[in-house]
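Trainee: I have a model open and want to learn how to read it. Can we start with a strand and work outwards?

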Amino acid sequence: MDHASEGSALLVNLAIALAFAWLGAVVSARLRISPILGYILAGIALGPYTPGFRGDLETVSAIADLGVILLMFTVGVDVSLRRLVELGWTAFLAGGVQVAATLAVAFGVGALFGWPFAEAFCFGTAIAISSSVVTGKLLNERGETGSTHGQIAFAISTVQDLATIGLVIVLRSLSGDHGTTPGDVALAIGKAFLFFIILVPIGVRLFPWLFERVARLRNREVFALTVAAVALAVASSATLFGLSLALGAFIAGIVVSESELSHRILATAGPLRDIFAGIFFVSVGMLLNPSAVVADWRLALTVLLLIMVVKPAIIAAIVRAIGHPWRTGALVAGVMAHSGEFSFLLASTGLTLGILSSDVFALILSGSLVSMIAAPGSYRLARAVGERLRRPLPPTEIASLIEASPRPPAVILGYGRVGQVIGSALARRGLSFVAVDEDPEVVRRLWAQGRPAILGEADNPFLLDQLGLEHARLLIIALPDALATRIVVEHVRSTYPRLPIIARCHSLAEQEHLLKLGVQEAVVGEIELAIEMTRFALRRFGISAAEIQGMLQRLRSHHEPSEW
């Protein structure tokens, strides 16, 4: 085939892959599911195992390599090492133990089915990793990113992402024809570590400097080209150390994540990433043989149980072991009861290296797809289980705290970012309060400051009844969980009808519901943010403080932004 024919075939397959990806994205948007599912289903339709038009898998996969690089780069940019360090050693411990334990169990299952060591290991790696995209979506939709279980889930997910680097390295080591020794694995990991320690000192200084200089040009095209060039250059240099292009791009993204321009980098790379990542997931779907899944339906069910039952059970046990209540463990487990993009990457890597058979690959992919579709339902089930795991708390300690307060206290439910601001303001004015939070670290920190704090779930009716709310002047609900807020309000309003309540909420509909329940003030975070930005803007234009206050008051009096 001449160069003209090769170019024509490349363009035709690119156009076909994009058309099928578009169709999958439209279907997933209509069904309100992850676009990844739509892309993979489109790939199944385009693949050689289903009737109809067939795409050239080799050509599509070559195009998809660019999507993998951009996808891994942006995932790395979104990894916050600083946030992980702030969460402390428990995050590393919980995430590391979870990956190791889940991998071991899944490996054991593979060994029972008689699979070779390398194939069973690859199977375990794909099962052990959850989808950070799905986890973030579930938490964001419910406004729970700042909750205790949300922070733990993000921490474990970050550790899983980082663990993927080592897992891919081990998989590449296991693919050698001459057999793999522990020394081979250690050498491969050593090369990766050498690449990391060379890149980090240079990248931390060079990349921010480079992006800042380019940003000063105020040219979007130049900035976009710089982002793509850095991602591809670092990914290519990683191959000199025996790493894959995808891992090199991921490590580059992690280094860039510490730059102050990381959000702009994500925004710039995002559209291009979405296009080529869609083609990558289409190419993954083209590898799936549905008939293999149907033929081995018992094994497919086993894979699904490992992803949606065994892995969540391990996560819940680990969260409980590091000092959190079983309810928190159930919520973290529920929000991570799935597999996703990194599982696809690990399984695809194993298939490409000849470690994983096409039948086992199909089983992993089908289990991951079902788990992603079922993710919202799994989380709802976990919440129901969490409610049943509540344990009554002994009232003696709570009563002594209330009695020790110098005056009837305010009660703050949820001492996260919002609750801490309120508590600090009360403390500066010499006003006492009792804080309730389910994070042991938060409670210990308050005790160290000499402030009364209760460890427990704020929406536990038994705990609420022991707080001495009949003597409180104010109940402040700063919980990020909308459902928990409703439970608290309904219980408190029925038991203590005269207690003033101020609550945090995330939408106008939620605000309206809380006001109907009898809350004196329900604060919508985004509305207050808009009002404060408006205050600053009007002040900059020289509007008087009195006029600004009147305008802001009128803004607050209208419920819909369209009425402003």
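Mentor: Start with strand 2 (residues 433–437). Five of its five residues are buried, so strand 2 is largely enclosed by the rest of the structure. Buried means under 20% relative accessible area, exposed over 50%, partly exposed in between, with a 1.4 Å probe and protein chains only. Strands (E, at least two residues) and helices (H or I, at least four) are DSSP runs, numbered from the N terminus. Note that this is a predicted model: local features need pLDDT of at least 70, side-chain atom pairs count only at pLDDT 80 or more, and totals for chains, interfaces and linings use all residues. Residues are numbered from 1 along each chain as its sequence is written, and side-chain values use heavy atoms, with hydrogens and water left out.

Trainee: Which way do the side chains of strand 2 point?

Mentor: In a regular strand the side chains alternate between the two faces of the sheet. Here Phe433, Ala435 and Asp437 point one way, Val434 and Val436 the other. All are buried.

Trainee: Which strand is joined to strand 2 by four bridges?

Mentor: Two strands pair if DSSP finds at least two bridges between them. Strand 1 (residues 410–413) runs parallel to strand 2, joined by four bridges. Ile412 has Ala435 as its bridge partner. The chain gets from strand 1 to strand 2 through helix 20 (residues 417–428), in a right-handed β-α-β crossover. Right-handed means that, with the strands pointing away from the viewer, the path from the first strand over the helix to the second runs clockwise.

Trainee: How many bridges link strand 2 and strand 3?

Mentor: Three, again in the parallel sense, with strand 3 spanning residues 453–455. Asp437 stands opposite Leu455.

Trainee: How many salt bridges does a search of the whole structure find?

Mentor: Side chains of opposite charge can pair when their charged atoms come close. The cut-off is a side-chain nitrogen of Lys or Arg within 4 Å of a carboxyl oxygen of Asp or Glu. The search finds one. Lys516 pairs with Glu512, their closest N and O atoms 3.7 Å apart. Both lie in helix 24 (residues 508–517), four residues apart, about one turn of the helix.

Trainee: Is Lys516 buried or exposed?

Mentor: Exposed, because its relative accessibility is 67%. Glu512 has 42%, so Glu512 is partly exposed.
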